[in-house]
Amino acid sequence: MGFFKMKFIHAADAHIDSPFVGLKQAPTALWETIHASTFTAFKKLIQTAIDEAVDFVLLVGDSFDQEAQSLPVQKFLKQQFERLADVDIPVYLSYGNHDYWDANQVHFELPANVHVFGAQVESFELTTKGHESVTIVGFSYDQRWLSADRVVDFPQRASTTYTIGTLHGSQKATADTDHYAPFTISELNACHYDYWALGHIHKRQILQERPAIVYPGNLQGRHKNEPGEKGFYLVDTNDGQFDLTFKPTTVIEWQRQQFEVTPDMSLTQLQTALSAQLMQSDHASLVALELTHAERLSSDLLQRINNGELLAVLQDQLENSEPLHWPYALKLRFAAQQQFSQIDQAYWEQAAAAILTPDNILEKAKPLMKENFIREAIETPEFQADLKDLVTTILQEKKMGD
């Protein structure tokens, strides 16, 4: 059986109009760039689809950031789809847990090239420019959480040249956390599809190469726990095999950097060295700086870092850098053996292990967990580690001030 070339885009989690909570204090020009970044990233995806003359585009959930999809954002998405309609590129769209479909909401009618999956698993068929027949299977969320295993509703491989499954969900973990269409890789393999286009997890990863089971990640990092380059996959078929090329869409990248404090470092020396390090990046970035060996700084300088004064100075200095390098946090890291006396250190480690547990943190944060973005941030190991570091810094500062 001969294979013709087929080319498509697999993207997910555009989160258009993400609020970028905590960055509104940034200078106006920077805030406008940040707020527009999810729109800009999506435009890059559409332009790539046009430039590459792809056969179709898969958008696997959470194109919108919220279920209450504002009319201006709906209009933007409609306009981008119309650009694809002008060059006869179809779109296969599913709604995820953030933008789940609510029939009672007012929605603009999407152009005819956009095929939207309903709440039940369904299939669409198309014929590519190379005369390949393709079946695309998927579903949309109609509520925030879907605890049921939806893979059981997916049909076996179709008789078309290719069968592609689309699934916005996460691998099965525990009954308490399986809120997002849980699945196992063995279940996906049992369907005998040629490609699984996944969404929901914002970290880019290939769970399996043959057949490909792929998370493209999101198009633009929305907060500090989504660092690094973001984008989507351009997928080509070659003799029936799927070749993936990552296409970046990042407008501004979240980064974590470390800087080692030298002994007896003055305020001027520290400011100059930090500015020089921040300016080394080749592209726009939002940076959290970790100052290691912070015990080498004076107690007065520690206090000025901890209360945000040095960060404000750096932000003012770098406000007009090109490309933009914006430090949004300065964190202090102390050498463990120099944090406290040996006995104090033992007590602290014991208390931290008992109190700052994931379960305790989640329990205390319960009143805030109704908001999706807060829940997602608090559940990350990075947030929990940052909380412990903050408590350590406060204790260290008080110790040096005694």
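Q: How many of the residues of strand 2 (residues 56-60) are buried?

A: Five of its five residues are buried, so by the cut-off of under 20% relative accessible area strand 2 is mostly covered. This is a predicted model.

Q: Which residues of strand 2 lie on one side, and which on the other?

A: In a regular strand the side chains alternate between the two faces of the sheet. Here Phe56, Leu58 and Val60 are on one side, with Val57 and Leu59 on the other. Both faces of strand 2 are covered, since these residues are all buried.

Q: How many bridges join strand 1 to strand 2, and do the strands run parallel or antiparallel?

A: Strand 1 and strand 2 run parallel and are joined by four bridges. Within this pairing, isoleucine 9 has valine 57 of strand 2 as its bridge partner. Strand 2 is also joined to strand 3 (residues 91-94), again by four bridges and in parallel. There, valine 60 is partnered with serine 94 in strand 3.

Q: How many aromatic pairs are there, and how is the geometry of one of them read?

A: The count is 18 aromatic pairs. Take phenylalanine 8 and phenylalanine 242: the ring centres are 6.3 Å apart and the planes meet at 70°, so the pair is edge-to-face. The angle settles the class, because over 60 degrees counts as edge-to-face. This pair links distant parts of the chain, with phenylalanine 8 in strand 1 (residues 7-11) and phenylalanine 242 in strand 12 (residues 241-248), 234 residues apart. Both phenylalanine 8 and phenylalanine 242 are buried.

Q: What kind of aromatic pair do tryptophan 254 and tyrosine 328 form?

A: Tryptophan 254 and tyrosine 328 form an edge-to-face pair, at 5.1 Å centre to centre and 75° between the planes. Distant parts of the chain are linked here too: tryptophan 254 is in strand 13 (residues 253-260) and tyrosine 328 in strand 15 (residues 325-332), 74 residues apart. Tryptophan 254 is buried at a relative accessible area of 5%, and tyrosine 328 also counts as buried, at 17%.

Q: Which residues form one aromatic cluster?

A: One cluster is made of Phe8, Phe56, Tyr92, Phe117, Phe124, Tyr162, Tyr195 and Phe242. The cluster includes Phe8 and Phe242, the edge-to-face pair described above. Phe56 is in the cluster and is also one of the buried residues of strand 2.

Q: Where does the charged end of arginine 150 sit?

A: The charged end of arginine 150 is over the ring of phenylalanine 139, 4.5 Å from the ring centre. A further case is arginine 204, which lies over the face of phenylalanine 246 at 3.6 Å from the ring centre.

Q: How many salt bridges does a search of the whole structure find?

A: Side chains of opposite charge can pair when their charged atoms come close. The search finds 13 salt bridges in the whole structure. In one of them, aspartate 194 meets arginine 157 at 2.7 Å, N to O. Aspartate 194 is in the loop between helix 3 and strand 8 (195-199), while arginine 157 is in the loop between strand 6 (133-138) and strand 7, so the pair ties together parts 37 residues apart in sequence. Aspartate 194 is buried, with a relative accessible area of 17%, whereas arginine 157 is partly exposed at 32%.

Q: What is the distance between the closest N and O atoms of arginine 256 and glutamate 290?

A: The closest N and O atoms of this salt bridge are 3.7 Å apart. The link runs between strand 13, which holds arginine 256, and strand 14 (residues 285-292), which holds glutamate 290, 34 residues apart. Arginine 256 is partly exposed, with 34% relative accessible area, but glutamate 290 counts as buried at 11%.

Q: Which residues are linked in a network of salt bridges?

A: Asp65, Arg222 and Glu226 are linked in such a network.

Q: Which residues form a nonpolar patch on the surface?

A: Leu71, Val106 and Phe108 form the patch, with about 280 Å² of accessible area together. Leucine 71 belongs to helix 2 (residues 71-85) and is partly exposed, with a relative accessible area of 43%.

Conventions:
Residues are numbered from 1 along each chain as its sequence is written. This is a predicted model: local features need pLDDT of at least 70, side-chain atom pairs count only at pLDDT 80 or more; totals for chains, interfaces and linings use all residues. Side-chain values use heavy atoms; hydrogens and water are left out. Rings of Phe, Tyr and Trp (its six-membered ring) pair if their centres lie within 6.5 Å; planes under 30 degrees apart count as stacked, over 60 as edge-to-face and the rest as tilted. Helices (H or I, at least four residues) and strands (E, at least two) are DSSP runs, numbered from the N terminus. Buried means under 20% relative accessible area, exposed over 50%, partly exposed in between (1.4 Å probe, protein chains only). A charge sits over a ring if NZ of Lys or CZ of Arg is within 6 Å of the ring centre and within 35 degrees of the ring normal. Two strands pair if DSSP finds at least two bridges between them. Patches are made of residues with over 30% relative accessible area and no salt bridge: like charges are joined within 9 Å, nonpolar side chains (Val, Leu, Ile, Met, Phe, Trp, Tyr) within 5 Å. Accessible areas come from the Shrake-Rupley method with a 1.4 Å probe; for residues, only the protein chains shown count as cover. A salt bridge is a side-chain nitrogen of Lys or Arg within 4 Å of a carboxyl oxygen of Asp or Glu.
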